[in-house]
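Here are my notes on this model, written as numbered points. Have the sequence and the coordinates open while you go through them.

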Amino acid sequence: MWTYHPELLETAVPRYTSYPTAAEFHDGPGAADMGAALDAVAEGTPVSLYVHIPFCEQICWYCGCNTGAANREARLAAYLDALDAEIALVAERLGGRARVSRIAFGGGSPNALGPLTFLTLAHRIQSLFDARTAEISVEIDPRGFTRQWAGMLGALGVDRVSLGVQTLCEPVQQAIGRVQPPAMIAQAMEWLRLAGVGSINFDLMYGLPGQELSDLAATLDEACAMAPDRIALFGYAHVPHLIPRQRRIDATALPDPRARFAQAAAGHRLLVDRGYRAIGFDHFAKPGDPLAMAAYGGTLRRNFQGFTDDAADILIGLGATAISSFPDRILQAEKNNGRYRMIVDAGRLPQTRGLFRNAEDRLRGRVIEQLLCQGKADLSNLPDMRVRLAPFITRNLVRLDGASLRLMPEALPYARAIAACFDGYRQPDVRRFSNAI
Ligand code: SF4
């Protein structure tokens, strides 16, 4: 059982999918820096690609992604033309030197595109990059997913599909503007399995409006019965001042912090009891899954997609908003689709903001990643952290032994708050981030 220490969770903290976090991005770093980073990629370097499709058939009220309705064909076609042009630009700069180890399609919902359109896009990437052995993953919205889509994913050799499930409780689905009967999820699973997609992930959420502990338990039970290989269980972050579409959610129906904590704890316990291995603070995987093996073997990493077994140090984002990460810099493409298209159509790389990581950033980033992925970190070369860690030390949530810091099993719900102690950029700001639980 986790112990509830509300005072340790009252400050909102980043999710630390990068360090420094996206909150530190600023104007200045841009296309020239992206070009220089691509030019510097050495022969045979493993590189991951992320391809952003910022469209969905239906927009969910809780969604924080850069996405819009896929109801205007001309807009979609124009975006895909620009994306194609960016892909060609990046491939040309890389000159065949990179070995693409992963291709992740996300958004938005890649299946807002027709299956043939998506296949053409995937083949275009495969033809322009050295991607013969690349693992391919695709995020899928079960609403509107079809047998044809599943067949295409199988034919393409897609390794992993992530299904946006969130909750299987119908009143909660109504409250978040995403209604999808459990039978729809089960059907998608069946089509995917028949098509030969070997690994399926469910994205689920707690802390949703009107969601009771019993609703969450029922959803998790039902989800486990469908046997996805991985489950990500995220806490819903209600930040309508940042995400206007969340204003449609009834804030008075949201569980309070104590109830959120209870849901996170119960969800964790239930999934572990059902045989899933806990990965980091919000992912779960079957014991033989590569993510679980990475966690066992100490090679788990954290990147913009969350916890991952992806070992590549370079991630190239393609599409509007997409983030590219290199050891010494993080760069983000123009967020506005119209401006993104104009930039790329003019033959320029679309990165318009980002940051450079100095030696201290890299040191702190390594500590934060170690803590979140391995539950321990080597604090050599950092200033004395005892004062900042004191609240966690006195509650026996961490153990500091010389320069070696270890999270205790009870520390999991506080992992992000502990990681924030090593964030050199801020005293955490309550408006910009989500609660750690
Ligand atoms: S389907 Fe996914 S990306 Fe699209 S609006 Fe819903 S949550 Fe956002």
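**Notes on the model**

1. The UniProt record (an unreviewed entry) puts the feature "domain: Radical SAM core" at residues 41-277. UniProt positions here follow the numbering used in this note, feature names are shortened, and annotations may be inferred rather than shown by experiment. Over residues 41-277 the chain is 41% helix and 22% strand, with the end C-alpha atoms 36 Å apart. Helices (H or I, at least four residues) and strands (E, at least two) are DSSP runs, numbered from the N terminus.

2. Some ground rules before going on. This is a predicted model, so local features need pLDDT of at least 70, side-chain atom pairs count only at pLDDT 80 or more, and totals for chains, interfaces and linings use all residues. Residues are numbered from 1 along each chain as its sequence is written, and side-chain values use heavy atoms, with hydrogens and water left out.

3. Next, the ligand. Its surroundings consist of Cys-56, Gln-58, Ile-59, Cys-60, Tyr-62, Cys-63, Thr-67, Gly-108, Ser-109, Asp-141, Arg-143 and Arg-178; a residue is near a molecule if one of its heavy atoms lies within 4 Å of it. Sorted by class, that shell holds five nonpolar, four polar and three charged residues. In this scheme Ala, Val, Leu, Ile, Met, Phe, Trp, Tyr, Cys and Pro count as nonpolar, Asp, Glu, Lys and Arg as charged, and the others, Gly among them, as polar.

4. UniProt (unreviewed entry) lists a "binding site" at Cys-56, Cys-60 and Cys-63. Cys-60 sits in the loop between β3 (55-56) and β4 (68-69), and Cys-63 is also placed in the loop between β3 and β4. Relative accessible area is 7% for Cys-60, so this residue is buried; Cys-63 is buried too, with 12%. Buried means under 20% relative accessible area, exposed over 50%, and partly exposed in between (1.4 Å probe, protein chains only).

5. What do these cysteines touch, not counting residues up to four places away in sequence? Cys-60 touches Arg-143, Ile-176, Gly-177, Arg-178 and Arg-245, while Cys-63 touches Ile-243 and Arg-245. Contact means heavy atoms within 4.5 Å. Arg-143 and Arg-178 are also among the residues surrounding the ligand.

6. Ser-109, another of the residues around the ligand, lies in the loop between β5 (98-107) and α4 (115-128). Its relative accessibility is 7%, so Ser-109 counts as buried. Apart from neighbours within four places in sequence, Ser-109 contacts Ile-53, Phe-55, Cys-56 and Asp-141. Gly-108 belongs to the loop between β5 and α4 as well, and a cis peptide bond with omega of about 15° joins Gly-107 and Gly-108. Worth a look by eye.

7. On to strand β8 (residues 199-206). Seven of its eight residues are buried, so β8 is largely enclosed by the rest of the structure. Strand β7 (residues 160-166) pairs with β8 in the parallel sense over six bridges, with Ser-162 opposite Asn-201 in β8. Two strands pair if DSSP finds at least two bridges between them.

8. β8 also pairs in the parallel sense with strand β9 (residues 230-235), over six bridges. Leu-204 has Leu-233 in β9 as its bridge partner. From β8 the chain passes through helix α8 (residues 213-226) to β9, a right-handed β-α-β crossover: with the strands pointing away from the viewer, the path from the first strand over the helix to the second runs clockwise.

9. Helix α2 (residues 31-39) has Asp-33, Met-34, Gly-35, Ala-37 and Leu-38 as its buried residues. These pack against α3 (73-94), β14 (314-318), β15 (323-326), β16 (329-333) and β17 (351-356).

10. Tyr-19 and Pro-20 are joined by a cis peptide bond, omega about -5°, and Pro-20 is in the loop between α1 (6-9) and β1 (26-27). Tyr-16, found in the loop between α1 and β1, has a positive phi of about 55° although it is not a glycine; Tyr-16 is buried, at 4% relative accessible area. Ala-227, in the loop between α8 and β9, likewise has a positive phi, near 60°, but Ala-227 is partly exposed, at 27%.
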